[in-house]
Amino acid sequence: MAKKQRTAIEPTRVEDYAEWYQQVVKVAELAENSDVRGCMVIKPWGYAIWENIQKVLDKMFKETGVKNAYFPLFIPKSYFEKEAEHVEGFAKECAVVTHSRLEDDGKGGLKVAGELAEPYIVRPTSETIIGASFAKWVNSYRDLPLLINQWANVVRWELRTRLFLRTAEFLWQEGHTVHASKAEAEAETRLMLDVYAKFAQEYLAVPVVKGEKSEGERFPGAVATFSIEAMMQDKKALQAGTSHFLGQNFAKSSDIKYQNKDGEYEFAWTTSWGVSTRLIGALIMAHSDDNGLVLPPKIAPAHIAIIPIAKNDEDRLEILEYIKKITSALKEKRFDGKEIIVEVDDTDATSGEKNWKWIKRGMPIRLEIGKRDMEANSIFMGRRDLDPKEKKGLGWEEFVNSVDEILNDIQNNIYQKALDFRSENSAVIDDKDEFYNFFTPENKEKPEIHGGFAYAHWCGSVDCEEKIKEDLKVTIRNIPFEADAEEGKCICCGKTSKQRVVFSKSY
RNA sequence: CGGGGUGUAGCGCAGUCCGGUUAGCGCACUGGUUUUGGGAACCAGGUGUCGGAGGUUCGAAUCCUCUCACCCCGACCA
């Protein structure tokens with residue numbers, strides 16, 4: 001038997017997926033736990049990914065006419081109470097501010113004082129506080145549509161947290177729009193879902209399934225919730241973005257009314273939509289391998305790590321000069337319309353260590369450049385989408401001239417791998433036993449990676465949804481838009497069904 | 001929030017059941033020598049309030065009580 005190849009991350013994905021994930025976050029220096037329970041510290045490499053996500057999405061939002069604004073972190077309790085379902089959905093996970101002051105307790109410490117007349121809730125989402133502003137801003141049909149987005153942090157007092165996937169505080173954007181008609185609001189909901197899907201696929205290189213959430217999975221207070229669902233490498237689904245059609249529910253609770261052309265008052269139609277730092281979790285779990293993070297070039301904080309390989313100081317100076325020539329040539333090049341970011345790793349770690357450091361951090365391209373390369377006017381390149389040992393030499397000018405193609409190739413390759421993985425682990429299932437087998441691990445004690453996306457018929461009843469959830473811990477991820485209308489029998493109860501839905505275990 | 005687990009050097013761990021010199025090991029780190037197209041070798045060295053607070057004891061990493069954090073499973077959720 002072949003000796004097991006040493007990997008940079010231990011355990012591997014197959015050995016222990018949850019632990020592997022944590023190790024990737026750690027060795028890639030993306031984030032760490034803070035002293036504040038459930039809250040993470042996002043480190044520079046991780047935050048740079050978030051900044052890139054922001055940059056791209058922000059531009060995409062603005063292209064549809066959305067403008068940015070900022071609303072308070074604190075929401076008066078009374079605002080929150082206005083929408084009953086909304087309250088019910090979030091009440092259990094709210095941080096509440098009740099005092100405004102600290103005073104000396106006479107024992108060298110501090111005590112809270114200055115109790116507030118009305119407690120403030122630290123926003124878990126901002127529908128209600130933004131609604132209050134919108135009620136003032138919207139008077140006439142001429143004020144509509146109102147398209148607003150905010151980049152913010154939110155707090156949801158989670159009991160069980162995982163870096164990026166679920167933390168007590170997280171960063172996100174929340175779009176909130178107001179429309180004069182139902183159809184227009186619905187179109188906005190769908191438009192933003194399309195933006196998310198496009199972003200996930202083209203930038204994060206994560207294929208997603210667009211669809212509508214079942215009633216049970218709907219946002220509290222929404223009329224309809226839509227999502228994009230991505231498959232992680234443990235074959236579980238991760239909701240990567242949501243878009244909600246809120247009907248007139250929030251307009252009524254926040255009193256967002258406008259006068260139509262006939263001078264009559266009507267309640268407006270609202271939407272909200274968001275993605276969060278969870279996208280970074282999706283990115284990690286969709287692409288990374290047993291050697292660490294794998295970053296799609298279009299979202300990577302940097303594209304190329306250059307590792308000088310020198311025997312002595314004299315060689316090193318010459319090699320650095322040679323590298324300078326290459327980096328200045330790279331400055332002229334563009335990838336995805338943006339500058340190509342190069343990190344020259346001139347630290348005095350060994351070349352092997354440096355090489356592995358950049359592999360673990362997911363750098364798309366590594367260039368190892370020694371004296372021999374310099375004399376041959378070439379570079380020695382490793383790609384993160386290929387095996388660490390699979391490196392090749394090519395002329396430096398040739399490299400510079402084709403760098404955008406190489407990065408594109410990596411981007412496409414990563415996407416294709418994720419797409420293939422999803423295809424291999426998606427099944428159309430009509431037989432109930434087959435469905436149950438699909439989601440049952442062989443090892444019950446320590447379940448191996450199993451399951452996937454099952455496209456099966458569902459009659460639409462909450463009972464069937466609940467039953468499957470109870471039996472298998474599998475839920476309906478969404479009702480895909482792209483599925484053809486097709487008669488069939490519910491996988492659970494056998495009653496007639498009009499459409500297939502995606503079942504999966506999920507995050 | 002319920003069940004289970006873990007907490008000992010920067011990281012990974014042993015030691016805990018059965019209390020007993022100065023708390024170890026591997027990697028990392030520092031210095032040196034040798035190596036040098038690749039996750040280097042050897043020698044020398046530094047590093048710990050043993051998660052925290054109480055308690056039992058001549059003596060606690062080890063026993064008891066409380067507490068905090070993290071991980072896994074469940075419930076809940078982006």
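User: Which share of the atoms of RNA strand B within 4 Å of the protein belongs to sugar or phosphate, and which to bases?

Analyst: In this predicted model, where local features need pLDDT of at least 70, side-chain atom pairs count only at pLDDT 80 or more, and totals for chains, interfaces and linings use all residues, sugar or phosphate accounts for 42% of those atoms and bases for the rest. Residues are numbered from 1 along each chain as its sequence is written, chains are lettered from A and ligands numbered from 1 in the order in which they are written, and side-chain values use heavy atoms, with hydrogens and water left out.

User: Why is the approach of Gln 239 to RNA strand B called a polar contact?

Analyst: A polar contact is a pair of N or O atoms within 3.5 Å, and a polar side-chain atom of Gln 239 lies 2.6 Å from a sugar or linking oxygen of RNA strand B, so the pair qualifies. With bases, a polar side-chain atom of Ser 276 lies 3.5 Å from a base nitrogen, while a backbone N or O atom of Lys 371 lies 3.5 Å from a base oxygen.

User: What makes Leu 110 exposed?

Analyst: Exposed means over 50% relative accessible area (1.4 Å probe, protein chains only), and Leu 110, in strand β6 (residues 110-122), has 59%, so the term applies.

How values were computed. Near = heavy atom within 4 Å. Polar contact = N/O pair within 3.5 Å; in protein donor to acceptor, adjacent residues only side chain to side chain. Helix = DSSP H or I, 4+ residues; strand = E, 2+ residues; numbered from the N terminus. Buried < 20%, exposed > 50% of the residue type's maximum accessible area, 1.4 Å probe, protein only.
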